[in-house]
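Visitor: I've never read a protein model before. Could you walk me through a few features, one at a time?

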Number of protein chains: 2
Amino acid sequence: MSLKDLQDCIGSVNDVLCTLSLLVWDSRTMMPAGGTETRGAQIATMTRIARELLLSDATARALEGAQAAVTDLSADSPERRAVEQTAAAIAFHRRIPADLLERKAIQRVIANAAWIEARERSDFSLFEPHLKVTVDLAREYADVVGWQAHPYDAMIALYEPGETYASLQSLFGELRPGLKRILDTALERPRPRTDFLRRDFPEEAQRRVALSFAKAFGYDFERGRLDTTVHPFEISFTRQDVRITTRYRRNFLPPALFGAMHETGHGLYEQNVDPSYTRTALATDLIGLYAVGGTSFGAHESQSRLWENHVGRSQAFWQLHFPTLREAFPDALGDVSADDFHAAVNVATPSLIRTEADELTYDFHIMLRVDLEAALMAGDIAVHDIPAEWNRRMKAELGLDVPGDREGCLQDIHWSSGMIGSFCTYTIGNIMAAQLFKAASASDPGIEAGLTSGDYAPLRNWLTEHVCRHGRRFNRQELLVQATGRPLTVAPYLDYLSGKHHAPLSSAA
Amino acid sequence: MSLKDLQDCIGSVNDVLCTLSLLVWDSRTMMPAGGTETRGAQIATMTRIARELLLSDATARALEGAQAAVTDLSADSPERRAVEQTAAAIAFHRRIPADLLERKAIQRVIANAAWIEARERSDFSLFEPHLKVTVDLAREYADVVGWQAHPYDAMIALYEPGETYASLQSLFGELRPGLKRILDTALERPRPRTDFLRRDFPEEAQRRVALSFAKAFGYDFERGRLDTTVHPFEISFTRQDVRITTRYRRNFLPPALFGAMHETGHGLYEQNVDPSYTRTALATDLIGLYAVGGTSFGAHESQSRLWENHVGRSQAFWQLHFPTLREAFPDALGDVSADDFHAAVNVATPSLIRTEADELTYDFHIMLRVDLEAALMAGDIAVHDIPAEWNRRMKAELGLDVPGDREGCLQDIHWSSGMIGSFCTYTIGNIMAAQLFKAASASDPGIEAGLTSGDYAPLRNWLTEHVCRHGRRFNRQELLVQATGRPLTVAPYLDYLSGKHHAPLSSAA
């Protein structure tokens, strides 16, 4: 009975957080421009209410009863995990004073407006004073929630619990030279043609193809929908209603297709969480106050990257599906073969903008940001020196000259909206995707056969069994060891990229 | 300062209610079928939270301070009205025990499911026991919130404050014979052709025309959008985001066009509420817990009916716009003239289904329901006798035999969802629309000239000035006296219908 009381409380918190997510989804897909300001008020109120519900006396009382009720259960039983996660989240939020949250919320609005102007003018100095305040607030926040080795660790934990700046440095120490080696090889090889990617692709046909791929992967449209937006995302209001978005560029085909596959991967994670976890702590991020069934941002990204890259950019995929694509765009792709297309969507080219980076150079963008964020949090670098340091790194690692701040340190929205600590999850997702894909393929020959024949059920079922269904019951570290027998390991990722780019296999393989 | 505190509290309530409305809008336009059950939980939680916020100690404290702050203001100042309405709403909700709300919520779910099955089988006996419970709960509710002359008065007040069953009977006493006289005349006249309304009308063209009419009336798409749904409605999340919906029947043109005009009228009301009332009690129904700027359901219906009927079904409108329509449907309307079309969309024909009824017979459906609801609330009729009484009235007043309960007393969703008391607002809206239209036309010859030339700004501005901008500051009775110099009066409505159907003018004109 005590468990039931806590479940009712958390169920209400989940209802509020799902509703909050609907406010966000709507604002990015449907809302008329006039609604911006009042929508902001609605989002702020719902965020406050979610926190108040979680920190209410009723929830505290229910938690006490529930804690007593689960002491005899095994340490990893879903019920006990749910209770323990709730207790940890309540303790976490109790440490943060309401006035700090308010100052952060106000700063977000101010800094975001300043960033928009600074980016427009490509002038970091306009953003600099605001980023200073944002970093100061992040350091205050880190001190309040607590950290041990490095203040940045408190921020990383918001998105990827269990990781620290030290653990990331260790990962990057192996990743950076490995990627560099593969990239050098790739850049020496002859470049395939890519001209046809920038022809005329009517949006309606792009949408039809994107829908057909999402359906092929097993995304359930009875519990989802695909809409159009500026920056694609996936969002869910319980596993029963998981929505994905993509964008259509009339003269550039890849974003719509790979964007849709990427978000489909996210969507499959949410749609395949154990139904009994619906509206419980095991399908709610009670720390981040976000209605999500995936256990970490990195774990989530592993699913999107797996479907986008390991499936969607594979030779097998385009051997099978290129005819569909050519049928959709007979004029633009009439002189293109499946092999041409596969090669074109796998070209590696150092470039300035993270969101447009290819698979092989993407992580350099991440490592740069992670190191800068850590240095800012520790006070090892002044905000003023960000552009110089950014440009120096881009030159050193990707050989690129940054023409201006717009194409450099002003390109991401993250810092302007107070998000510090999230970038690492993209790279963790990449590494984890390769590790999972390798384990899945090794465990069942039916998976590879399915990828060749277009039957994605074996792979999807393996992922559901080993990742999705567990929701937030296990943390990412536990999940990965259970699924692959090893903690997060760089080698499978480097092997995968080596294979794709015909580079000699890494010695660590 | 004290006023500010109360405004903050009510602002949050409005945020929650706007969010609740978004949950509803989404469920009727966008939500995949799988989301139904968890969406129900989200709606229930948000409804509970809105009520709790309104009844919180913080709101009570803020109210006390605000009441002291407004005592010196004039009785009809916006600030004082907002405070008084908040006080009345809090007192109202305090009278209703939480367990009664819960029993009503549970009953809604059960009764609705039973109604769906009963309607499918056209068998009232399947719904009868559930309607009994619903009526008992309504009577309990009426006793709790309080009534004087008739228990039905408590239910009417939820939708049309100030009206009572006695006041409605007095209205109907004048309305019924007047309508009957006009209907008899209309039915004796030769019938125009209507065959072309049921030809092939591609949905996309219907949508284009509907959009163009909404735009012509002055609906602001920067603060709104038009979507597709099964049962058209208007809903808003502050005046900054007011959404309308319509439906498209491939083989029957009127619903899309007149549905869109109707909802545009509702939308114009909300879009033109005084901007300073945003997120205040003057744009929130704190009794009904509904984010709405219009002052009553009847007042709202007056705006939708005015634009739909007085503008959209007028000769002037089709003289002007029929060419657009014929251009959109050259095949279907090639042999039709503007006069043919105007005549066809104004034909009066007694029919069984309220939602499909024409202007002249619609109110008979309403009067029947109002009298039955009153009799149920007073215990003057047993639930068991509803079908017989329904069918008797349909025969007596519209001369129709009801073939089965599906086409009779099971046709409306209202009773199954616990709504008793709302039907009268449709007829009040009809009467009020005619009264307002007459006053507007009399006050400014530019209005009629505009209707002839397609300039709807003069009419829209008059309505904004006399109705919309006031939001909920004045009640419907005050509004009407200020706008027309008279309380609700049947004569202009009968005159309007007499003119349209070439019946002799009523002596009361």
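**Salt bridges, sheets and helices**

Guide: Let's start with a network of salt bridges, which links Arg193(A), Asp195(A), Arg199(A), Asp335(A) and Asp340(A). A salt bridge here is a side-chain nitrogen of Lys or Arg within 4 Å of a carboxyl oxygen of Asp or Glu. Keep in mind that this is a predicted model, where local features need pLDDT of at least 70, side-chain atom pairs count only at pLDDT 80 or more, and totals for chains, interfaces and linings use all residues. Residues are numbered from 1 along each chain as its sequence is written, chains are lettered from A and ligands numbered from 1 in the order in which they are written, and side-chain values use heavy atoms, leaving out hydrogens and water.

Visitor: How many salt bridges are there over all chains?

Guide: The general idea is that side chains of opposite charge can pair when their charged atoms come close. By the rule above, the count over all chains is 78.

Visitor: Which residue does Arg250(B) meet in a salt bridge?

Guide: Arg250(B) meets Asp200(B), at 2.7 Å from N to O. Arg250(B) sits in the loop between strand E3 (242-246) and helix H10 (254-271) of chain B, and Asp200(B) in the loop between helix H8 (165-188) and helix H9 (203-217) of chain B, so the pair ties together parts that are 50 residues apart in sequence. Those labels come from DSSP runs, numbered from the N terminus: helices are H or I with at least four residues, strands are E with at least two.

Visitor: Where do Glu389(B) and Arg392(B) lie?

Guide: Both are in helix H15 (residues 386-398) of chain B, three residues apart, about one turn of the helix. Glu389(B) and Arg392(B) form a salt bridge, with the closest N and O atoms 2.7 Å apart. Glu389(B) is partly exposed at 23%, and so is Arg392(B) at 47%.

Visitor: Now sheets. In what order do the three strands of chain A come?

Guide: First a general point: in a regular strand the side chains alternate between the two faces of the sheet. In chain A, the order is E1-E3-E2, in an open sheet with mixed pairing. Strand E1 (224-228) and strand E2 (234-236) of chain A stand at the edges with a single partner strand each, so one side of each has no neighbour in the sheet. Two strands pair if DSSP finds at least two bridges between them; E1(A) and E3(A) pair in the parallel sense over five bridges. One example is Asp227(A), whose bridge partner in E3(A) is Thr245(A).

Visitor: And how do I read two helices side by side?

Guide: Two packed helices are described by the angle between their axes and the distance between the axes. Helix H7 (residues 151-159) and helix H14 (residues 362-378) of chain B pack at about 130°, with axes 8 Å apart. Axes are lines fitted to C-alpha atoms, for helices over the stretch in contact, and angles run from 0 to 180 degrees between N-to-C directions.

Visitor: What do we call that arrangement of H7(B) and H14(B)?

Guide: H7(B) and H14(B) are oblique to each other. Angles under 35 degrees count as roughly parallel, over 145 as roughly antiparallel, 65 to 115 as roughly perpendicular, and the rest as oblique.

Key
Buried < 20%, exposed > 50% of the residue type's maximum accessible area, 1.4 Å probe, protein only.
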